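Me: I have a new structure to read. Can you take me through some of its features, one at a time?

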Amino acid sequence: MIRQPYRPDVVDAYGAKWPPRVPNGARVSHGQEMTETTGQEGGEEKEHPPSRTVKLGVIVTIVASIAGLVTTGVATLFNAMVADDQLSQSQQAAEEKRRAQAARFSSWVDMKPDGTLRLHLMNRSPDPIANIHLKFKAYFTDRDTVIWDMKGVSFAVHVPGVPPCSEMVLTRNNMKYRDARTDKDGDSLIAAREWSVRRDQWNRPLNELPTTGGWLEVGKTDLWIFVDAADFNDRDGVRWRRTPSLLTRNPPEPRSPNALVWGVVQAVPPQPLKSCGS
């Protein structure tokens with residue numbers, strides 16, 4: 001279409017002035033509505049960048065997502081820590097329950113006001129303790145020897161059991177020993193087999209201490225008794241080992257002391273305790 005010079009005095013059949021004045025970049029054909037364009041070829045619209053509001057919304061969404069992940073992670077970690085703590089408490093409670101009776105059995109040495117040493121085997125539980133292997137040593141001097149010439153006697157005693165809420169007390173009067181090096185047969189293990197044990201056996205307490213065969217009384221001078229260990233079975237048949245500092249479940253099989261000087265003990269009746277409280 002050839003653009004005509006603008007003449008406001010020309011009126012078309014519809015009563016409109018011809019040609020109508022239009023903005024730059026707009027084309028009008030007769031009988032059609034005027035269409036605006038952007039002035040670019042092809043009629044494409046110009047793309048506008050996102051507004052600040054849109055950018056702010058995206059940032060808020062990202063921050064909220066990160067915060068949600070952090071919160072979920074912290075909650076998961078906290079739940080895991082709580083579960084682990086509950087498991088530890090449950091295991092600790094179960095272990096304390098297993099050790100309840102064993103912890104009530106003990107052995108120790110004390111001294112009376114007159115200087116008499118006593119070895120105690122005490123069961124403060126309401127159930128018996130069975131199959132006890134007790135190892136202890138006694139050191140002393142005879143009246144005609146000096147203190148640095150002390151004798152050391154090893155005792156390996158098998159006690160069948162200690163009744164509930166009772167104790168057994170041994171003193172030097174319940175002990176005798178014999179030095180195997182003095183055996184006339186040259187047996188370095190032990191003499192008088194009917195009274196004692198070999199190295200791989202355990203003595204049972206004797207009803208009466210031997211009076212013949214070279215058995216000697218434990219000396220009265222500078223007597224010291226040291227408990228090595230006491231192995232025993234609890235009411236459930238679980239094997240324990242009590243030492244002066246530890247209580248161990250399922251210990252390795254004990255062996256009698258490897259010594260040349262052995263001792264035997266006399267069986268003493270258990271005495272009831274006044275109280276079996278914790």
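Me: Which residues line the second largest pocket?

Reply: Rolling a probe the size of a water molecule over the atoms shows where empty space is left. On a 1 Å grid over the protein atoms alone, a pocket is an open set of points where a 1.4 Å probe fits, with protein on both sides within 12 Å along at least five of seven lines; lining residues have an atom within 4 Å of a point. Here the lining is Met111, Gly115, Thr116, Leu117, Thr171, Arg172, Asn173, Lys220, Leu223 and Trp224. The model is predicted: local features need pLDDT of at least 70, side-chain atom pairs count only at pLDDT 80 or more, and totals for chains, interfaces and linings use all residues. Residues are numbered from 1 along each chain as its sequence is written, and side-chain values use heavy atoms, with hydrogens and water left out.

Me: What classes of residue make up that lining?

Reply: Four are nonpolar, four polar and two charged. Asp, Glu, Lys and Arg count as charged; Gly is among the polar ones.

Me: How do I read the open sheet?

Reply: Strands of a sheet pair through backbone hydrogen bonds, either parallel or antiparallel. A strand is a DSSP run of E, at least two residues, numbered from the N terminus. Two strands pair if DSSP finds at least two bridges between them. Here four strands run in the order 1-2-5-12, with antiparallel pairing. Strand 1 (105-111) and strand 12 (271-272) are the edges, each pairing on one side only. Seven bridges link strand 1 to strand 2 (residues 117-123). Ser106 stands opposite Met122.

Me: Is Ser125 buried or exposed?

Reply: Buried means under 20% relative accessible area, with a 1.4 Å probe and protein chains only. Ser125 has 1% relative accessibility, so it counts as buried. Ser125 sits in the loop between strand 2 and strand 3 (129-141).

Me: Which side chains make polar contacts with that of Ser125?

Reply: A polar contact is a pair of N or O atoms within 3.5 Å; within protein, one must be able to donate a hydrogen and the other to accept it, and residues adjacent in sequence count only if both atoms are side-chain atoms. The side chain of Ser125 reaches that of Asn123 at 2.7 Å and that of Gln101 at 3.3 Å.

Me: What does strand 9 pair with?

Reply: Strand 9 (residues 239-242) pairs antiparallel with strand 8 (residues 221-233) over four bridges. Three bridges join strand 9 to strand 10 (residues 247-249), also antiparallel. Asp231 has Arg241 as its bridge partner, and Trp240 has Arg249.

Key
Buried < 20%, exposed > 50% of the residue type's maximum accessible area, 1.4 Å probe, protein only.
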